[in-house]
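Here are my notes on this model, point by point. Please read them with the structure open.

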Amino acid sequence: MLATLLIIGFIGFSSANTIQVPCLFSNAPRGYTCRLPDVNLADQDFVIVGGEHLAGQNDGHVTNFISINNNFRQFPNVSRFNNLRHVQVTGGIIERVTRDDFASHRLLQTINLGNNQISFFDEDAFSNLPE
């Protein structure tokens, strides 16, 4: 059974075009998943992922992060999910991948950054990932 919790609206704003966006958390076949709703975030410089978990779940249970067509300028801050295995951030306007984007995600198995505008990768952007 698929259970999903939707938090309506944005959770918070702060200065410098930073926004906190709520996840749609679900127990999917591939694991506990955070999926961002379809929101145009092109005017935001920095996106922080937030939201309320399903009963009995927490940040440590999240193994999948999905964001499609949200027009991020940079990779969203998902460092709170330290057990991520699969990341999909597609259909955006990300231009660069930095060493900080995946630094805390040592368990990642798949990363899909397709359909972005990436033109630069830090030399050590993926240095902390398993081989």
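1. The protein chain has zero helices and 11 strands. Helices (H or I, at least four residues) and strands (E, at least two) are DSSP runs, numbered from the N terminus. Along the sequence the pattern reads β-β-β-β-β-β-β-β-β-β-β.

2. On provenance: this is a predicted model, where local features need pLDDT of at least 70, side-chain atom pairs count only at pLDDT 80 or more, and totals for chains, interfaces and linings use all residues. Residues are numbered from 1 along each chain as its sequence is written, and side-chain values use heavy atoms, with hydrogens and water left out.

3. Of 131 residues in the protein chain, 39% count as buried (under 20% relative accessible area, 1.4 Å probe, protein chains only). Contact means heavy atoms within 4.5 Å. Among contacts between residues at least 6 apart in sequence, 56% join residues at least 24 apart.

4. The largest nonpolar core holds 28 residues. Such a core is a set of buried Ala, Val, Leu, Ile, Met, Phe, Trp, Tyr and Cys residues joined through side-chain atoms within 4.5 Å. Cys-34, Phe-65 and Phe-81 touch the most other members. Two or more residues each come from β3 (18-22), β5 (31-35), β6 (46-50), β7 (62-68) and β8 (86-90).

5. Look at Phe-65. Not counting residues up to four places away in sequence, Phe-65 touches Cys-34, Leu-36, Val-49, Pro-76, Val-78, Leu-84, His-86, Val-87, Gln-88 and Val-89.

6. Ser-67 is found in strand β7. Is Ser-67 buried or exposed? Ser-67 is buried, at a relative accessible area of 1%. Leaving out residues up to four places away in sequence, Ser-67 touches Leu-36, Phe-72, Gln-88, Val-89 and Thr-90.

Conventions. Buried means under 20% relative accessible area, exposed over 50%, partly exposed in between (1.4 Å probe, protein chains only).
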